Amino acid sequence: MAQRIQGTEDLFGGYMRAWQCMQDVARELFGAYGFDLMETPAIEQVDTFVHGIGESTDVVRKEMFRVFSGALMERLLDAGSEGGLKARQRMALRPEGTAGIVRAAVQNNLVPQGGAPTKLWYAEAMFRGERPQRGRLRQFHQVGVEWLGASDAVADAECIIMLMEYFTRLGFDVARLKLRINSMGDAACRPAYREKVRAFILDHKDEMCEDCLERADVNPLRAFDCKVDHDREVMAAAPLVTDNLCDDCRAHYGQVKRYLEEAGVAYEEDPTLVRGLDYYVRTVFEVDALGTDVGAIGGGGRYDGLAELEGGKPTPGIGFAVGFERIALALAAQGGSLETAAPSCVYVACAASEQRQAVFPATLALRQAGIRTEADYQGRSLKSQFKQADRLGARICAVLGADEVAAGTVTLRDMRTHEQVQVPRAELVTQVRERLGA
């Protein structure tokens, strides 16, 4: 039997409706802030992700799925390396949403010189070659926003405010969420800070894992994100970025905090928060669901230099992403759920096969009126049709028997109360609408 790949899930039924609910809430909330929906290809050039995410990150080094056609794979096997491949032949499945959105914004000139900022949101599948475990899948789903062209600290604050409101509308108790924020500095102050962290790691090289020693040369700040407990304990004594910010970054960070306080958004400063991707500068943030073992359920930050790395002109940017699967787990742990009941419908039944021909125009009229409608397609008895209507959650059963067909009527049966009434067939849609509205 064909089976799905480990670390992936089939979305159907209530779980699929939960994913749709998450998108519906995003569409309403993000739309109020002026964000438009965008979708980018699931396959991008490898460089799109390497430029911004960073070669030192686990995402690029260990988790990014590479994509090759069958013919190209044969060439690679014969050549023994991919050194001869052109950039457009080096492809990967997207491991996160920001890099692709920024690439699209640059390629399509979505933020023209002197133009207004562009606000975009997405709801897409992402792919990472992680070891499958609870809350970590090889194909997972994220909802995210990207705000390109706005450098003011108010944009940082509004993104965070919108994120916390999103969690509220999804059903979380904000008191049971912890928002952590930090500033990672920028090109003016971070290089000197990186050297301080690098020196700290080398001073403690006998205590650090091999990955962190490698990070010391490539991107020492990644050591704060190490998953080895002992390394994290060592890094707790490392120099803090908030003690090494330039005046501009310190002022920007202070303004973000003042906006959050004015909006009544509670936060906790975490000077070790660096996020997992290299493109972040200045403001970064993450949200944890308290009382659960899910970990971070969302986060983001500012990425002012990413557009340049993707070949565009200097364009500030900020955004966030939240994971559907982790949201579902965290909500369940806190006693909530995004899942909804299957939508109710109208079921058109016939008493005998002789009336089957009359079912077709009735179902057609109801469906064309936008009413979810089901019928029997297996020759069931009327009793079995009623049972099927119950299983489908039908609110009303429209019954066509010999008497109804002869009289040009239809019997409407309320599946909750079992009350029945005959109505003219010409009034079927109107009568059903009235009863569904009630």
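Colleague: How many bridges join strand β14 to strand β15, and do they run parallel or antiparallel?

Modeller: Keep in mind that this is a predicted model. Four bridges join β14 (residues 394-400) and β15 (residues 409-414). The two strands run antiparallel.

Colleague: Which residue in β15 is the bridge partner of V399?

Modeller: T411 is the partner of V399.

Colleague: What is the strand order in the open sheet of five strands?

Modeller: The order is β13-β12-β14-β15-β16. The pairing is mixed.

Colleague: Why is one side of β13 and of β16 left without a neighbour in the sheet?

Modeller: β13 (373-375) and β16 (420-424) stand at the edges, and each has a single partner strand, so one side of each has no neighbour in the sheet. As for twist, the average is 30° from one strand to the next.

Colleague: Which strands does helix α13 lie across?

Modeller: Helix α13 (residues 356-368) lies across β12 (345-350), β13 and β14. It runs at about 165° to β12. Helix α16 (residues 428-437) packs on the sheet too, touching β12, β14, β15 and β16. The direction of α16 makes about 155° with that of β14.

Colleague: Let's zoom out. What does the domain assignment give for the chain?

Modeller: Domain 1 covers 13-188 + 246-334, and domain 2 covers 345-436. Their C-alpha centres lie 48 Å apart.

Colleague: And the core? Which residues touch the most other members of the largest nonpolar core?

Modeller: That core has 90 residues, and M22, F30, V143, Y166, F167 and I297 touch the most other members. Helix α6 (residues 153-170) gives the largest share, eleven residues. There is also a second, separate core of 18 residues. Among its members are A362, I371, A375 and V429.

Colleague: Back to F30. What is F30 in contact with, leaving aside its neighbours within four places in sequence?

Modeller: F30 contacts F35, W121, V143, V145, M162, Y166 and F320.

Colleague: What about H418: which loop is H418 in?

Modeller: H418 is in the loop between β15 and β16. Its phi is positive, about 65°, although H418 is not a glycine. H418 counts as partly exposed, because its relative accessibility is 47%.

Terms used. Residues numbered from 1 in each chain as written. Predicted model: local features only at pLDDT ≥ 70, side-chain atom pairs only at ≥ 80, totals over all residues. Heavy atoms only, no water. Domains from an automatic or database assignment. Core = buried A, V, L, I, M, F, W, Y, C linked by side-chain atoms within 4.5 Å. Buried < 20%, exposed > 50% of the residue type's maximum accessible area, 1.4 Å probe, protein only. Contact = heavy atoms within 4.5 Å. Pairing = 2+ DSSP bridges. Axes fitted to C-alpha atoms, helices over the stretch in contact; angles between N-to-C directions.
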